[in-house]
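Hello,

Here is the structure I promised to pass on to you. Have a look at it first, and then read on for what turned up.

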Amino acid sequence: MKNLNSVRIAVIGLGYVGLPLAFEFAKYFPVVGFDCNSRRIDSLISGFDVTLEFSQEELKTATALTYSADVRSIEDSNVYIITVPTPVDRYKNPDIKFLLDATRTVGKLLKKGDTVVYESTVYPGATDDDCIPLLESSSSLVLNKDFFVGYSPERINPGDMLRRLPDIKKVTSGSTPEAANFIDDLYKKIIKAGTYKAPSIKVAEAAKIIENTQRDVNIALMNELAIIFNKMEIDTESVLIAAGTKWNFMPFRPGLVGGHCIGVDPYYLAHKAQLVGYDSKIILAARLLSDGMGGYVVSQLLKCMAKKRIHINGSRVLIMGFTFKENCPDLRNTRVVDIIYGLKECNCSVDVYDPWVVNSESLLEYGVETVTQPVIGSYDAILIAVAHDQFKVMGANGIRAFGKPNSIIYDLKYVLPLKDSDLRL
């Protein structure tokens, strides 16, 4: 294995995962950040990060980091870190097209002694069964003789400025003990929280996928409890606060489950389970329940409007928040869109307000146009879908001002106190 003094890194994919990695590694090594999206590259070269994870001032400090959409720029690298998206298709099956494309690209560049590290979330065995054979066929090289592979799952939390990449413990692994040690030493350079060297690549892959599956199942349980308690006319948050006084009660909350991890990764695990002869019961049941929460929210809102004699056909509804989580511009797999589509099917006029979202991005991704500012006194119902800090600062009076005198506030995220909302999840 090479020593750290000779490392030249290429990070493939410069999204929420790749850019922080490239930025931190550039403090110690020469790094090329590669992305096939030339607009993303041009934006970074100009000093602007559309994910808002880095300020212009921060990006200026990364003097050993260059950006490129030209594959020739990473030919001289000897460590390739692949951080491309791994979504699901319309049928909820794993879609590893981006992963295989990136693998093929890197395989054509591989030289003897090089190391490839995967960070993209996959089902256990994907690195061994799908990626390594493609690296070998594309390069005509042999694993563990000519090149080495590792897996170090990403743990980035978009929008979290307190727990950034160096502050989150990193799992590492390698295709040989020597490769595992090298990769672990590499990440130790940038991870202040420390690393954990898994005994195999498959263990590292599985560890990542159950982190998000565990959260998904627990949130689904909270969603089911919220549905039950709503039928009993018991406030769910009040129950959770009371239960949370016991030391070992886990503080999960109900809600829409979107994003690139929690709402996606369990499908990868269920897919792999099926391939080895087991049909998932709990995992897919949790997914089914949470995927239906948008429809549940719409039905609850319409029932409340009917009780208050608000005419549904032609009513105006304000949805506050469109991103998949608070205080970040990430629209990937946002389930707020289910509520928007559901209300529009009932002939409601829907305005979407999110200060974190660029209108062109929401139009391109979902065909949804956002408003720059809601109109005071115009809405029959106001639905708080994302707990952005800007909404918390508004408070009940500021949010209520958007509504008509008889309007409804439906608070999905417990932004307001119980007394200040008409409906809560």
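F48, V50 and L52 make a nonpolar surface patch of about 260 Å². Please keep in mind that this is a predicted model. F48 sits in the loop between α2 (38-45) and α3 (56-60), and its relative accessibility of 44% puts it in the partly exposed class.

Next, the helix packing. Helix α5 (residues 126-139) and helix α7 (residues 201-231) have axes that come within 9 Å and cross at roughly 115°. That makes α5 roughly perpendicular to α7. On the α5 side, A126, T127 and D128 take part, and they meet I201, K202 and E205 in α7.

Helix α7 also packs with helix α8 (residues 236-243), at an angle of about 120° and with the axes 9 Å apart. This pair counts as oblique. M222, A226, F229 and N230 of α7 make the contact with T236, V239 and L240 of α8.

A residue from another helix belongs here too: L289, in helix α10 (residues 282-291). Leaving aside neighbours within four places in sequence, L289 is in contact with A220, N223 and E224. The C-alpha atoms of L289 and I219 are 9.9 Å apart, although 70 residues separate the two along the chain. L289 is partly exposed, with a relative accessible area of 22%.

Now to the charged pairs.

- R424 and D235 meet through their side chains at 2.8 Å, N to O. R424 is in strand β13 (residues 423-424) and D235 in the loop between α7 and α8, so the pair ties together parts that are 189 residues apart in sequence. R424 is buried at 9% relative accessible area, and D235 is buried as well, at 17%.
- D167 and K192 form a salt bridge at 3.7 Å, N to O. D167 lies in the loop between β6 (148-151) and β7 (170-172), and K192 in the loop between α6 (177-188) and β8 (195-197), 25 residues apart. D167 is partly exposed at 36%, whereas K192 is exposed at 70%.
- D101 and R104 have their closest N and O atoms 3.1 Å apart. Both lie in helix α4 (residues 97-107), three residues apart, about one turn of the helix. D101 is partly exposed at 30%, and so is R104, at 33%. Together with K97, these residues are linked in a network of salt bridges.

Best wishes

Technical notes
Residues numbered from 1 in each chain as written. Predicted model: local features only at pLDDT ≥ 70, side-chain atom pairs only at ≥ 80, totals over all residues. Heavy atoms only, no water. Patch = residues over 30% accessible without salt bridge, like charges linked within 9 Å, V, L, I, M, F, W, Y side chains within 5 Å. Areas by Shrake-Rupley, 256 points an atom, 1.4 Å probe, with all protein chains shown as cover. Salt bridge = Lys/Arg side-chain N within 4 Å of Asp/Glu carboxyl O. Helix = DSSP H or I, 4+ residues; strand = E, 2+ residues; numbered from the N terminus. Buried < 20%, exposed > 50% of the residue type's maximum accessible area, 1.4 Å probe, protein only. Contact = heavy atoms within 4.5 Å. Axes fitted to C-alpha atoms, helices over the stretch in contact; angles between N-to-C directions. Parallel < 35°, antiparallel > 145°, perpendicular 65-115°, else oblique.
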